[in-house]
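Subject: Structure for your review

Dear colleague,

Please find below the structure that I am handing over to you. My notes on it follow directly after.

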Amino acid sequence: MLPFKSLIVLDKSAETAVFLQLAGQIRQLISDGVLSTGQKLPGTRQLAELLRLHRKTVIAAYDELLAEGWLEARAGSGTFVAGHLPVVLPKPIEKAADQQKNQGEPGFSFVPRSHLARPLLLMNDGLRLDDGFPDIRIAPMDELARAYRSYFRWGNPQQHFGYGDPKGNRLLREELSVFLNETRALRTTPDNILVVRGSIMGIHLASTLLLEPGQTAVVGETNWSGANMNFLQTGADLLTVPVDGHGLDVEALAERCRHRAVRLVYVTPHHHYPTTVTMPPDRRLRLLQLSQQYGFVILEDDYDYEFHYLRRPILPLASADPHNMVIYVGSLSKSVAPAFRIGYVVAPETVIDELARLRRIIDRQGDTMLEFAVGQLFRNGDLRRHLKKAHLTYEARCQHFCSLLKEELPDVVQFAKPEGGLAVWARFDRQIDLNQLAGKARREGLTFADGLAHNPPGQWLNSTRLGFASSTETELEQSVAVLRKLTRG
């Protein structure tokens with residue numbers, strides 16, 4: 001008899017039920033040829049004694065494998081590996097613990113894509129000056145919970161819990177249409193809107209639709225790596241143009257267009273990522289003119305439009321686009337909470353229809369319950385009230401944080417006070433190794449990015465985004481105190 005006691009290792013503290021662990025390991029022994037077709041298995045009482053299990057656990061595991069067709073029961077003879085299974089040449093016997101070690105490596109080859117190697121941003125405990133996240137503590141969670149509960153009480157359950165429209169919940173699209181038209185002077189209907197799981201899905205779908213291998217996408221020389229990854233994934237050539245204190249250099253873009261066909265230009269004109277600068281009206285008009293002249297699509301990512309502090313926000317490019325050359329992408333992740341995986345794409349109806357078809361092959365539909373609940377928050381005014389509260393809160397934190405940087409770190413950090421958004425673009429003194437400083441800060445309980453992801457090829461900016469919105473004024477003071485301590489030592 002095989003040494004089942006050595007071959008099978010069970011973890012009774014694991015979340016997976018023990019009988020399922022046992023069934024899975026027997027299944028693997030069959031797949032590996034250790035247990036051959038037609039081979040008799042120990043009786044349930046015998047195997048239970050070997051593994052120190054209750055007999056009912058072994059019976060449940062055998063019943064699972066019998067139902068799946070891996071085993072067969074022969075009256076009066078016992079339980080056997082099913083005779084219809086193909087013969088597998090046995091591999092050297094491995095203990096289950098050794099098999100677990102091998103789970104990290106596949107049995108096939110694939111080519112890793114270097115452009116996907118992007119640092120993962122997480123919400124860390126302790127002090128943080130993050131990439132520009134909202135403060136989840138002020139999000140309307142109670143209101144959201146009430147809206148969620150109403151979904152279960154309203155309408156036809158068969159309809160509510162079945163398949164829905166890939167474009168998104170109708171209520172949310174209706175409310176988004178009203179909201180975007182009122183706040184951004186867009187001219188939308190619900191049929192011009194596709195609800196997606198965050199702006200990055202909208203960018204992925206748009207780039208998949210618009211870009212073919214070898215076509216050219218243009219981005220700023222410093223740009224959000226999440227967008228760059230999507231353009232490169234299509235096989236497009238990525239071309240950069242300089243970014244200055246007013247955002248994307250549109251005259252440099254014009255020069256590129258004179259020498260090369262451009263299919264798509266990606267911009268974050270409200271607050272350029274990562275530098276936070278706002279593109280002025282004259283550049284916006286010039287960009288729209290160039291789009292019409294050279295026929296490129298503008299993909300406008302307006303990721304934090306709600307938060308503008310120095311004056312009324314400049315309206316999006318999409319609001320001044322007479323020729324329908326702009327695809328407008330936005331998100332509620334920065335406005336409410338990153339876990340609200342709700343973004344939206346605004347485009348002509350025929351484009352939205354095609355994007356919805358694309359969406360179906362990767363994500364049949366969004367989170368219908370969440371979309372309904374957020375639609376309710378829009379309809380009853382809770383979300384608008386939250387946005388007003390968040391705006392006042394973040395504006396005060398921006399003012400306080402900028403004052404702290406100016407007073408406590410005048411020789412360490414250079415920055416321009418942002419007109420809006422949730423982060424400051426900080427340029428550190430060249431004598432300071434930002435990567436080392438970030439590591440030292442983590443050991444002191446403060447997390448911030450080392451800025452390496454923002455460096456264009458061959459350049460060292462020694463700059464990073466320091467988010468202020470997710471921290472209280474007291475937490476901002478403590479964070480700056482850590483930076484002061486580490487840079488004065």
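Helices here are DSSP runs of H or I with at least four residues, strands are runs of E with at least two, and both are numbered from the N terminus. On that basis the chain contains 17 helices and 16 strands. Please note that this is a predicted model.

Overall picture. The C-alpha atoms fill a box of roughly 90 × 60 × 50 Å along the principal axes. Of the 489 residues in the chain, 49% are buried. The chain exposes about 23800 Å², and carbon and sulfur atoms supply 52% of that area. Where contacts link residues at least 6 apart in sequence, 71% of them join residues at least 24 apart. As for charge, there are 57 positive and 55 negative charges, and their mean positions lie 4 Å apart.

Nonpolar cores. In soluble globular proteins, nonpolar side chains tend to be buried together. In this model, the largest nonpolar core has 46 residues. The members that touch the most others in it are Leu 253, Val 265, Leu 287, Phe 296, Ile 298, Val 374 and Phe 378. To return to Val 265: once its neighbours within four places in sequence are left aside, its contacts are Val 218, Leu 248, Leu 253, Leu 287, Phe 296, Val 297, Ile 298 and Leu 299.

Helix 10. This helix spans residues 225-233, and its buried residues are Gly 226, Ala 227, Asn 228, Met 229, Asn 230 and Phe 231. What do these buried residues pack against? Their partners are helix 9 (199-210) together with strand 5 (216-220), strand 6 (237-241), strand 9 (264-267) and strand 10 (297-301). After helix 10 comes Gly 235, with a positive phi near 90°.

Strand 14, residues 423-428, is joined to strand 16 by five bridges in the antiparallel sense. Within this sheet, Trp 425 is placed opposite Arg 465 of strand 16.

With kind regards

Key
Residues numbered from 1 in each chain as written. Predicted model: local features only at pLDDT ≥ 70, side-chain atom pairs only at ≥ 80, totals over all residues. Heavy atoms only, no water. Buried < 20%, exposed > 50% of the residue type's maximum accessible area, 1.4 Å probe, protein only. Contact = heavy atoms within 4.5 Å. Areas by Shrake-Rupley, 256 points an atom, 1.4 Å probe, with all protein chains shown as cover. Lys, Arg positive; Asp, Glu negative; His and termini not counted. Charge placed at Lys NZ, Arg CZ, Asp CG, Glu CD. Pairing = 2+ DSSP bridges. Core = buried A, V, L, I, M, F, W, Y, C linked by side-chain atoms within 4.5 Å.
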